[in-house]
Amino acid sequence: MPGLADLPELLEDLRSHGLLRDAWADQDAEGLVDFTLNDTLGFRRPRSGTVSRETSRGWEQERPGAGASRLLGGTHESHLQVERLLTEWLEAESALLFSSGYAANVGALGALLGPDDLVLSDALNHASLIDGIRLSRARTIIFPHLDLSAAARMYKASISEGHPPSTRIRRATWLVLESYYSMDGDSPDLKKARELCDELGWNLYVDEAHAFGLFGPEGRGLSAAAGVRPDVLMLGFGKAAGGAGGAVLGVRALREWLWNRARSFVFSTAPSPVGTWALLDTLRRTRTADRERARSVALSSFFREALEREGVSLGTGTHGPIVSVVLGEEKKALEAASRLKNQGFRVLPVRPPTVPKGTSRLRITVSAAHEEVDLERLAEEIGAIVREW
Ligand SMILES: Cc1ncc(COP(=O)(O)O)c(C=O)c1O
């Protein structure tokens, strides 16, 4: 690792390769149509994104800080109400709230897997899943993105190399997936994933961070839409629900295990009670937001069709509001974003390490708060850039 004295030179190196990240603040979006936010139901936007007066009045009495970790007196009524709501809504035996989706994944995977276990992990899994797996020191097989047949082949080859099948506690095999990939807007075949898990004795861990609130009945996510029950279900509240935090759901013993063993939960102050009441409010609203869900999905299809008419290739992403236009080099993505800004659009370039090298891109998130005219115009501008190159 570099010493502190080396940092200016290393930062310059990142800048010269188009890899330095700028801090885009909210006010930088002023006057621009914003396609960077993950709140696909439009809850965070002005007008619709504020907390209702009635509920907020109670929060004036509430403390900003929980005071301690959940285990040591920091559990508040708001935490329990969120967990109760999720348990009932998702038809799970238990739910445990974390301060972020990142903390949920790192905590849960770190607590559930150990060095004797085997993990099959999709090549494009989110950093929080990767970090949780690394923390667990489980043996890891990374299979090509969405290719579950390859996962099964690689697993069978690994058994013949001496890793025993998962028959005993402490020798579990986990399949770890996202239901809706945040950089590509594509999804695995969750039914097939469940079947493979049942056939081969694996456990299924599904991260629904980007799907929760947006897809499925009452926004329950893509597993619910497919009629699939993962062994562990992770939800994120910072995306469609327009809140903050994450949760891990499953059988009753799962919650108790994580309560005792998930390090990001045990060794961290509990989520802010004020924030958690606000979360409860936005979760209730998310549950009933069928109109916004339908609008977000319809506008996404409209935008994809407009891009296709412009001759823009959309890769593997076929559904939903995350639309990626892969441009390749970092500098191309930077230049395209800057040209779009001049045209009145806020679209950020996504570069390594968020996406693999050579796949820098524009990532557009369509929300229920967008308008067709803006989507049409954005598609035309992107089409012009892509054709020019
Ligand atoms: C798939 C996935 N999982 C987990 C997370 C982490 O969620 P949070 O932003 O709440 O920490 C993200 C967010 O970037 C994500 O895209």
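Start with one pair of residues in this predicted model. Leu177 has Val206, in strand β6, as its bridge partner.

Now turn to another neighbour of β5. Strand β3 (residues 118-122) also pairs with β5 in the parallel sense, here over four bridges. Leu120 is bridged to Leu175 of β5.

How many residues of strand β5 are buried? Six of the six, so the strand (residues 173-178) is largely enclosed by the rest of the structure. Both of its faces are covered. Thr173, Leu175 and Leu177 are buried on one side. Trp174, Val176 and Glu178 are buried on the other.

Leu175 leads on to the largest nonpolar core. This core has 98 residues, and Leu175, Ala108, Ala247 and Val248 touch the most other members. Helix α4 (residues 101-112) supplies the largest share, eight residues. Domain 1 (18-41 + 290-388) and domain 2 (53-287) both contribute residues, so the core lies between them. In soluble globular proteins, nonpolar side chains tend to be buried together.

Take Val248 as an example. Leaving aside residues up to four places away in sequence, Val248 touches Leu96, Phe98, Ala104, Ala108, Val232, Met234 and Leu258.

Helix α4 also takes part in the ligand site. With three residues, α4 gives the most to the shell around the ligand. The shell has 14 residues, of which Ser100, Gly101, Tyr102, His126 and Ala209 come nearest. What kinds of residues form the shell around the ligand? Ten are polar, two are nonpolar and two are charged.

Note on methods: Residues numbered from 1 in each chain as written. Predicted model: local features only at pLDDT ≥ 70, side-chain atom pairs only at ≥ 80, totals over all residues. Core = buried A, V, L, I, M, F, W, Y, C linked by C-beta atoms within 7 Å. Buried ≥ 20, exposed ≤ 12 C-beta atoms within 10 Å, placed from the backbone. Helix = DSSP H or I, 4+ residues; strand = E, 2+ residues; numbered from the N terminus. Domains from an automatic or database assignment. Contact = placed C-beta atoms within 7 Å. Near = placed C-beta within 6 Å. Nonpolar A, V, L, I, M, F, W, Y, C, P; charged D, E, K, R; others polar. Pairing = 2+ DSSP bridges.
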